Amino acid sequence: MLRFGVTPNAFTFPFALKSCAVLSLPFPGSQIHCHVIKTGCELEPFVVTSLISLYCKCALLDSARKVFDESSKSMKLTVCYNALISGYVLNSCVIDAVLLFGKMGEVGVERNAVTMLGLLPICLVPGFLWLGMCLHCLCVKMGLDFALSVANCLVTMYVKCGSVEYGRKLFNEMPEKGLITWNAMISGYAQNGLATHVLELYKEMESFGVCPDAVTFVGHKIEKQIEANGFGSNPFLNNALINMYARCGHLKRARAIFDAMPVKSVVSWTAIIGGYGMHGQGDAAVELFDEMIKSGVRPDGTAFVSVLSACSHAGLTDKGSDYFASMKKQYGLQPGPGHYSCMVDLLGRAGRLNEARELIQSTQIEPDGAVWGALLGACKIHRNIELAELAFERVIRLEPTNIGYYVLLSNIYSDAGNLEGVMRVRVMMKERKLKKDPGCSYVELKGIVHLFLVGDKSHHQTAEIYRMLDELENLVEELRGSKNIDNKSNNGYLNGMGVHSEKLAIAFGLLNTSPGTDIVVMKNLRICGDCHLFIKLVSKIVDRQFVVRDATRFHHFKSGLCSCKDYW
C-alpha cells in the first residue's frame, strides 16, 4: 500500500495493529505507531484503542499506559479505558486494573458491559471472589446484571470460585438463557465434581428445547451421544472430556482420548498434565510437559500452573523451581497468583518455610488467599505455629468466610496441644457465624449415585454397612500392631472419631462390588487424618485400590500406601 503511494488513514491502522497484536509482533507494531503519528491519526479513538491493545498483548504495559495518558481524548472515552483495563487483567496487574476502573467513576466516564467483561476475569480465582461480588453489585445498580454476556460471565465466576450455589441462584433468576449460559452452569457443576447435577441440568436444558453443542457434552452418561451428533473429532469437546474424566477419577480414559487426538493444542496438553498432577503422578506430568515443549507447542501461563501443581503434589521441588524460573527467562511470562500458590506449596511441603515466606514477600503482585493458604497448610505439616498465625491473619483478610482456614489453624493448635488457641478459633468462628459444612461422600454404582453423610443411617443397607465397618476396624487395629506398618504419627487415629462419610462409602463399595474392582469415592471436604489412615490400611487388608477425591486432590490407596505420600 505504501509502495503504491496510498496513504493509510484511521480506518487502516486498527487492522494492521490488531494483526501485530495477534502475532505478538511489538517491533512492527511500533513501526506502524510511527506511521500513525506521521499521518496525524494518533488522536483517533479506534487507533488509540488498537495501540493500547497491541502493547498490552505484547506485555509492554508502560507503552500502553503512555499511549493512554498522552491522548487527551482517551481520558474521556469508555472504549479506551476498556482496552487498558483488559490489558491490565491480561497481564495479571490486578491493582492497576481496579484503580483504573475506579478512576472511570471519579472522572464520570460511563462504564458499560464491555468494562465489566474486561474486569470480571480477575475474579475467576477464589481469592478475588469478594471483588467479583462487589462488581456484581455494581452491575445491579447499573442495570447490567441481566445483560446476557455479563450474566454469563458472573455465573462462570461464581462456579469457578467454588460458589456453585450463588452461580445457580443467578442462573435461575436470569430472564433469558442462551446456550452459553447453560454450558457455563453445566461446566461449573462438572468442574466441582457434581456429576448428578450435570446430568439433571442437561435433562432440564433438553426439556426447554435448547439444542446442545460440543461444549455441552461433558457428562459421562452422554458421551455416546457425541459421535451421534457429529462432534467426535471436535478438539474443544475432547479437551473437555479429558478434563472431565481426570476429575472423575478415570485417568486411563482421559489419556486414551488424549492419545487419540490427531492435533493437540496447548489446552489439550494442559488438561492431561493437570489430570496426572491431580492424581499425584508428578513424574508422568513432568514427562508430558517436556514432551509438549519438544513437539513445538509453546506453554502458556495455565500450562505452567498445571505442571507446577503436579510438581507440588509429587514433591518434585527442584524440578518445579526450574520450571518457575524458566517462565520469565525462557518464555517471557509473568507469574500470577496461581504460580506463586504452587511454589509456596512446593517449598512448604519440602520444609523450606522461610523460602516460601520470602517468595511471597518478593512478589510483584498482591498475594491472594490461595498463596497464604498454601503457606498455612505447610505450617500444619511442619508444626510451625508462629508462621501459621501470620499466614492465617493474612488469609482471612482476603477470605474472611472461608471456613477451611479456621479449621486448619484449629488443627494446628490441636496438634501442638494448644487448647487456648483452639478455643480462640472457635470463638472467632462463633462471632462470625461460621459453621463447618457437613461432610458428605458419594459412590456411583450401576448408574445410581449413593450419597452418605457423617454418621448416616438412612441407606437401605445401613445394617450391612456398619457391620462391615466393625469388621474392618478390628482388622485395622490388628494390622496396626504389625511390625510391617509404620506407626509414626498414628497415635490417636481410629479412636472415637465418629463415622465419617468416606468410611461409609468405602464399606458400601466393598459390599456391592466384586473382588479386584477399584472403588471411586467423591468427598466434598478435605479427607481427615483418621480416614486417610483407615483407607490406607484397608487397601492392604482387602487388596483393593480405592480412589478418593477430596476437596484438594485425588488419593490413590493401594497396598497400604497413598499416592499423596501422606501429605493431604
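**Figure 1. β3, helix α28 and β4 form a right-handed β-α-β unit.** In this predicted model, local features need pLDDT of at least 70 and side-chain atom pairs count only at pLDDT 80 or more, while totals for chains, interfaces and linings use all residues. Numbering starts from 1 along each chain as its sequence is written, and side-chain values use heavy atoms, with hydrogens and water left out. The unit takes in strand β3 (residues 519-523), helix α28 (residues 529-542) and strand β4 (residues 546-549). Helices (H or I, at least four residues) and strands (E, at least two) are DSSP runs numbered from the N terminus. "Right-handed" means that, with the strands pointing away from the viewer, the path from the first strand over the helix to the second runs clockwise. The two strands of the unit, β3 and β4, run parallel and are joined by 4 bridges. Across this pairing, Met-522 stands opposite Arg-549 of β4.

**Figure 2. Strand β4 is covered on both faces.** Side chains in a regular strand alternate between the two faces of the sheet. On one side of β4 sit Phe-546 and Val-548, on the other Val-547 and Arg-549, and all of these are buried. Buried stands for under 20% relative accessible area, exposed for over 50%, and partly exposed for values in between (1.4 Å probe, protein chains only). β4 also pairs with strand β5 (residues 554-558): these two run antiparallel, with 4 bridges joining them. Here Val-548 has His-555 as its bridge partner in β5. The chain passes from β4 to β5 in a hairpin, through 4 residues.

**Figure 3. Six strands make an open sheet with mixed pairing.** Follow the sheet across and the order is β2-β1-β3-β4-β5-β6. At the edges are β2 (448-453) and β6 (561-562), each of which pairs on one side only. Two strands count as paired if DSSP finds at least two bridges between them. Strand β1 (residues 440-445) and β3 run antiparallel and are joined by 2 bridges. In this pairing Tyr-442 stands opposite Met-522 in β3, and that methionine, Met-522, in turn faces Arg-549 in β4.

**Figure 4. Helices α26 and α28 cross at roughly 90°.** The axes of α26 (residues 462-480) and α28 come within 10 Å. Axes are lines fitted to C-alpha atoms, for helices over the stretch in contact, and angles run from 0 to 180 degrees between N-to-C directions. From α26, the contacting residues include Leu-469, Leu-472, Leu-475, Val-476 and Leu-479, together with Glu-473 and Arg-480. From α28, they include Leu-533, Phe-534, Leu-537, Val-538, Ile-541 and Val-542, together with Lys-540. Contact means heavy atoms within 4.5 Å.

**Figure 5. Lys-319 and Asp-290 form a salt bridge.** The closest N and O atoms of this pair are 3.7 Å apart. Lys-319 belongs to helix α19 (residues 317-331) and Asp-290 to helix α17 (residues 282-294), so the pair ties together parts that are 29 residues apart in sequence. Both partners are partly exposed: Lys-319 has a relative accessible area of 33% and Asp-290 one of 23%. A salt bridge is a side-chain nitrogen of Lys or Arg within 4 Å of a carboxyl oxygen of Asp or Glu. The search of the whole structure finds 14 salt bridges.

Figure 6. Arg-424 is partly exposed at 39% relative accessibility, whereas Glu-420 is exposed at 58%. Glu-389 joins Glu-420 and Arg-424 in a network of salt bridges.

**Figure 7. Ala-59 and Lys-433 have positive phi values without being glycine.** Phi of Ala-59 is near 60°. This alanine, Ala-59, sits in the loop between α3 (45-57) and α4 (61-70) and is partly exposed, at 45% relative accessibility. Lys-433 has a phi of about 55°. Its loop runs between α25 (419-431) and β1, and Lys-433 is exposed there, at 76% relative accessibility.
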